[in-house]
Structures are given as C-alpha cells and as structure tokens.
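Hi,

Here is the model I promised to pass on to you.

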Amino acid sequence: MDSGNHSNVCNHSENQTIKDVSVDKESALSKNCLRKLRHHEQVLQSKRNKRKEKKVLRKQRTLYEKQKSAEELDTFHISKKEEKQMMQHRLMSARGTAQRICVDLGFSCSMSEKELHKLSSQLRRLYGSNRHSQHPLHVFFANFSQESSLYRICREKNQGFEKYVVDMNDKSPQQLFRREELIYLSPDSPHVLTDLNPEVVYVIGGLVDETVKRKLSLQAAEQSGLLTARLPIIEWLERGSKGTFSTVLSVNQVFDILLKYHETNDWTHALLTGIPPRKGFIPKSNVKSSSPQGIQNGGMSKDS
C-alpha cells in the first residue's frame, strides 16, 4: 500500500472516530433532555392536580357558605349540579362520623328471584332517602358478595349502583364490627329501642315480606350472640279505626324511621314517616315527651 492510500485510510478512521464521539454526545444529551422533560411534565401535572383540588375545595366551600346564608334567609336556590355535589359531599362526610347502620344481606341466598328484585328496590329507596337527607347516616351492606344474584340484580335495576356511597362488604356484621357494638333490630325482640347510641351499629335484617317468618331475624341474631331490639312502635303509636296493625316493616321503612329519628329526635314523627298509613297506626294522645329514658345498652329498655 502506498503512502497516499495509507493517509486516506487514517483520515477516514479519524473522521469516523469523531463522528462516533459526536453521536455519543448527542445521545447523552438526548437522555439528559428527556430526564429534564419528564421532570418538567411531572411538575406541571402536580400543579394541575393541585389546581383541581383547590377548585373542588373552593366549590364545596362556596356551596357550604351559600347554604348557610340561605338557611339564615330561609331561601336556598341552587342548580341541580350543585345540589348533586352537596349530596355527595354530605354522604362522604358521614363516613366515619355519622350514626352507623348496617343492612345484613345474608338472607338473600335463600330468596327467590322475585324476592331479590323486591329487596333490590328497597335498597335503592333506602339509598335515596339517605342521599337526600341533610344529615345522612353511615350505611353498610354486609354479607354482600359481588358474585351474588342480589348484587347482579342491583347493578341491573339500580342506575349508578356501583357508585353508591355505601360500604359494601361480603363479611358478616360481626366480622366487620365488634360484637359488643352491634344491636340487631327485630320486631320480635323483647327489648325496646329508646334512643340511638352513636357508639352502636344498628343492624337491619335484609328480609322482604314474602320471606318473613316469625322470629327469623331474632333467631339469627341470638345464634350469633348479638343484642337485639325492636322499634318503639306500640310505645308511641296506637291502633286507629282500621288497618293491618302489623309491626313488620320493609328494610327501607325501618331505615327511614331511624334516619328521621336521627334528624329530629322525635319517635312519633319518625315512626309516622316510615310506617305506611295502611298499617293503621296513629299517635298516642297521652304521650308528651319524645325522649324516653333508656340510654343504657345502646338506647334500649326491657319490655314490661
């Protein structure tokens, strides 16, 4: 090989080396830029999230101030969107702070399709009452598996069911709470519910009219070693001229009574709100006070 060719080869090698070094620099620079770009995007996203959170808080604060001002003026005009936001805010705020009510849906496995549809409707009405309340309760659905027929029917029949602000769990009430916290409501209980204790979880049996058998919920509670109580219907109401006079109520009717008492601390008003007129009950004429004594044992007293 002559000297001219050798020189060309050397120059080519040097040029190639310089190009490789330039590519490496560009590659390193690209990686560095990408890191900075990613960091910049993360900072921007964090700022956007904070702005969204502040916007939500401002809306909630504005709605709250608007409601308080309206209460003072006895007028309150808001849009449907604002009303829905307020309902959602009240339901979320009730979690962990409000009186706890647990619906035991463990009886649904022995129900017919018709009974499950009826129970599904009662759960929808129950949620509707709580959603529209100014002072909602903290609601739990226990023994409620997502694989169950009842859950499937609730999803099919009740629009937005999966977004209900309700704690749904496949565990039993006694697995979710301490036994000493629980009082199971049953129309056959020998104990009378006289008040609501915020430390107690009141359990409503998920039964419908077709499946009501005498003392079914009472027996289930006693077998689990739970305290029981019945609503003070005969203590505050008396029979009118006609009616069925049955003290067996649907799930949503029992809930409505508890909710109304929670709001008003008035058993007569609460019972008349939840019990259908066809039952035939009317207020007792000789009852003056709506707060009988009986706070012990979660607001219960023994039947005389």
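First, the ground rules. This is a predicted model, so local features need pLDDT of at least 70 and side-chain atom pairs count only at pLDDT 80 or more, while totals for chains, interfaces and linings use all residues. Residues are numbered from 1 along each chain as its sequence is written, and side-chain values use heavy atoms, with hydrogens and water left out.

Let me start with the sheet. Helices (H or I, at least four residues) and strands (E, at least two) are DSSP runs, numbered from the N terminus, and two strands pair if DSSP finds at least two bridges between them. Six strands form an open sheet with parallel pairing, in the order S3-S2-S1-S6-S4-S7. At its edges stand S3 (167-168) and S7 (227-229); each has a single partner strand, so one side of each is left without a neighbour in the sheet. Helix H3 (residues 113-132) packs on this sheet and touches S1 (100-104) and S2 (138-142); contact means heavy atoms within 4.5 Å. The direction of H3 makes about 165° with that of S2, where axes are lines fitted to C-alpha atoms (for helices over the stretch in contact) and angles run from 0 to 180 degrees between N-to-C directions.

S1 and S2 run parallel and are joined by five bridges, with Arg100 partnered by His138 in S2. Five of the five residues of S2 are buried, buried being under 20% relative accessible area (1.4 Å probe, protein chains only). From S2, His138, Phe140 and Ala142 point one way, and Val139 and Phe141 the other.

Further along the sheet, S4 (residues 182-185) is joined to S6 (residues 201-205) by four bridges, in parallel; the bridge partner of Tyr184 in S6 is Val203. S4 also pairs with S7 in the parallel sense, over three bridges, and Ile183 stands opposite Leu227 there. Leu182 and Tyr184 point to one side of S4, Ile183 and Leu185 to the other, and all are buried.

Now the core. A nonpolar core is a set of buried Ala, Val, Leu, Ile, Met, Phe, Trp, Tyr and Cys residues joined through side-chain atoms within 4.5 Å. The largest one has 61 residues, and Phe141, Leu185 and Trp267 are among those with the most contacts inside it. Helix H8 (residues 251-264) gives the most to this core, with seven residues. Leaving aside neighbours within four places in sequence, the contacts of Phe141 include Val103, Leu123, Phe161 and Met168.

How do H8 and H9 (residues 267-274) cross? Their axes come within 8 Å and cross at roughly 150°, so the two helices are roughly antiparallel (angles over 145 degrees count as such). Among the residues making the contact are Ile257 and Tyr261 of H8, and Trp267 and Leu271 of H9.

Best wishes

Technical notes. Buried means under 20% relative accessible area, exposed over 50%, partly exposed in between (1.4 Å probe, protein chains only). Angles under 35 degrees count as roughly parallel, over 145 as roughly antiparallel, 65 to 115 as roughly perpendicular and the rest as oblique.
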